[in-house]
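Here is a walk through one protein chain. Keep the view open and follow along, one element at a time.

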Amino acid sequence: CTVAGTTGATEPSWTLTAGGTTTSGTATFVECTGLAAYNGDGGGSAWAAPAARVSILTASGWMNQSGGDTLYVGHDHAETNSGAVNFYVPGVGSRMICVNTAGSVPPVSADLRTSASLTSSGTTDSICGQGYIYGVNHYNGSSNFLGGIIFQGTTYAENCSFNLTNAAASYVFVGNGNGGSNNTEFKNVTVSFANTLQGILNQNGTFKWSGSSSSITGAVIPSALIGT
């Protein structure tokens, strides 16, 4: 509440855009979900108003779609959706970083964690990537042939895991988006599969993978790990 007052007799129609205001009676409220100023950076309690879903903050009207913003994901974040989990960070220079919610605000390097999870329990594809992603573990249950986890735009993922949990012929697509010609780089990233026919498909882009001593986790080893 940014203007104290007496609320109206009925619940108002809330403005659900970043920093948007809603008036009820003589009181005014501001939509503060995920905004730094209301989560301990510049005032307020740390992590006082986090978003429930990553996709809320990556949407237009929240993160800058031209790039340059940072989205911090709590170390204890365990998000499950019945549909697709689209967790791309929009624009060049954007970042999605897993951090300790009990750490510093704004976070410092000592606060980095690798325990956040995003799970798609349904059977649809997940659109991922664009920018820098750190410490996020994604589980996708796509049943679509030639679907799965699809990286679009130039993406750098570090200390993450990407896991296909449905035994359908789905894939982890890299270098994808509008005909390809995009770059995907994994550093200390692991993958897991549910079917030996699954794997990583490079669609015309540049794919680099480094820093992983054991890149495949789980019991299933693909017949062909990387294809085009």
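**From a loop to the sheets**

Ser213 sits in the loop that links S18 to strand S19 (226–227). The model is a predicted one. Is Ser213 buried or exposed? Its relative accessibility is 80%, so Ser213 counts as exposed; the cut-off for that label is over 50%. Now look across to Thr190. Ser213 and Thr190 are 23 residues apart in sequence. In space, their C-alpha atoms are 9.3 Å apart.

Which strand is joined to S18 by five bridges? That partner is strand S15, residues 183–187. S15 and S18 run parallel.

Now widen the view. S15 and S18 belong to an open sheet of six strands. Read across, the order is S3-S6-S9-S12-S15-S18, and the pairing is parallel. From one strand to the next, the twist averages 15°.

In general, the strands of a sheet are paired by backbone hydrogen bonds, in either a parallel or an antiparallel way.

How many strands does the open sheet with the order S4-S7-S10-S13-S16 have? It has five, and the pairing is parallel.

Strand S7 holds residues 116–120, and strand S10 holds residues 136–140. Five bridges join S7 to S10, and the two run parallel. Leu118 stands opposite His138 in S10.

Finally, step back to the whole chain. Its secondary structure amounts to one helix and 19 strands. The C-alpha atoms fill a box of roughly 65 × 35 × 30 Å along the principal axes. The chain has 228 residues, and 43% of them count as buried. Take the contacts between residues at least 6 apart in sequence: 57% of them join residues at least 24 apart. The chain exposes about 10,500 Å², with carbon and sulfur atoms supplying 50% of that area. Charges complete the picture. There are 5 positive and 10 negative ones, and their mean positions are 11 Å apart.

Definitions and conventions: Residues are numbered from 1 along each chain as its sequence is written. This is a predicted model: local features need pLDDT of at least 70, side-chain atom pairs count only at pLDDT 80 or more; totals for chains, interfaces and linings use all residues. Side-chain values use heavy atoms; hydrogens and water are left out. Helices (H or I, at least four residues) and strands (E, at least two) are DSSP runs, numbered from the N terminus. Buried means under 20% relative accessible area, exposed over 50%, partly exposed in between (1.4 Å probe, protein chains only). Contact means heavy atoms within 4.5 Å. Accessible areas come from the Shrake-Rupley method with a 1.4 Å probe; for residues, only the protein chains shown count as cover. Lys and Arg count as positive and Asp and Glu as negative; His and the chain ends are not counted. The place of a charge is taken as NZ of Lys, CZ of Arg, CG of Asp or CD of Glu. Two strands pair if DSSP finds at least two bridges between them. Axes are lines fitted to C-alpha atoms, for helices over the stretch in contact, and angles run from 0 to 180 degrees between N-to-C directions.
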